[in-house]
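Before you use these coordinates, please read through the points below with the structure open beside them.

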Amino acid sequence: MEDATKSLMENFTTFARFLSAFLGPDVEIVLYSISDNCVYSVINPLDPEMTSGSKIRRLEQSLIDEKVWKKEDFLVNYRSLSSSNSKLKSATYFIASDDRKELYGIITINMVVDKLLELRDHLNKLITGYAPLKDERRFL
């Protein structure tokens with residue numbers, strides 16, 4: 001990795017620490033190095049195999065292969081799953097040259113939303129009510 005790219009990745013590592021301090025421990029932040037084709041750093045990993053030096057995940061690799069980064073600066077609010085099947089709300093930012101000719105890195109943020117989905121379901125039931133059982137008698 002050349003010095004300029006290494007410096008850029010170190011700056012984004014600091015930025016990832018900032019995001020993690022703000023977003024909390026249920027949010028995984030992964031910084032991928034394109035030149036090394038691996039995880040550069042990870043904060044709050046959701047999966048045991050997610051460590052520095054790990055292979056780029058399939059989703060991010062597909063974004064690279066499809067050259068999504070040439071058309072988009074970032075993707076936000078998409079759904080994904082961890083390897084342990086936790087439901088995630090995710091966002092990906094492409095670290096690219098100003099002319100979009102070169103991709104240096106990717107930063108992905110994964111927020112575990114299982115508890116929020118359970119809360120939403122419970123709130124929906126409270127708001128809309130429960131369907132009565134067929135043999136349930138109504139008392140006035």
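1. Confidence in the chain is highest in β1, at a mean of 96, and lowest in helix α3 (residues 114–128), where the mean is 77. This is a predicted model, and over the chain the mean pLDDT is 88, with 91% of the residues reaching 70 or more.

2. Strand β1, which spans residues 27–33, is mostly covered, and 7 of its 7 residues are buried. Val27, Ile29, Leu31 and Ser33 point one way from the strand, while Glu28, Val30 and Tyr32 point the other way, and burial applies to all of them. Such a pattern can be read against the general rule that side chains in a regular strand alternate between the two faces of the sheet.

3. Which strands pair with β1? Strand β5 (residues 103–112) pairs with β1 in the antiparallel sense over 7 bridges, and within β5 the bridge partner of Ile29 is Ile109. Strand β2 (residues 38–43) also runs antiparallel to β1, to which it is joined by 5 bridges, and here Tyr32 has Val39 as its bridge partner. The hairpin formed by β1 and β2 has 4 residues between the strands, and Asn37, in the turn, has a positive phi of about 55 degrees.

4. The largest nonpolar core has 14 residues, and those with the most contacts inside it are Val30, Tyr32, Val39, Met50, Phe94, Leu103 and Ile106. At least two residues of this core come from each of β1, β2, α2 (58–65), β4 (87–96) and β5. In soluble globular proteins, nonpolar side chains tend to be buried together.

5. Val30 deserves a separate look. Leaving aside residues up to four places away in sequence, Val30 touches Val39, Ser41, Val42, Met50, Arg57, Ile106, Ile107 and Thr108.

Conventions. Residues are numbered from 1 along each chain as its sequence is written. This is a predicted model: local features need pLDDT of at least 70, side-chain atom pairs count only at pLDDT 80 or more; totals for chains, interfaces and linings use all residues. Side-chain values use heavy atoms; hydrogens and water are left out. Buried means under 20% relative accessible area, exposed over 50%, partly exposed in between (1.4 Å probe, protein chains only). Two strands pair if DSSP finds at least two bridges between them. A nonpolar core is a set of buried Ala, Val, Leu, Ile, Met, Phe, Trp, Tyr and Cys residues joined through side-chain atoms within 4.5 Å. Contact means heavy atoms within 4.5 Å. pLDDT is the predictor's confidence in each residue, from 0 to 100.
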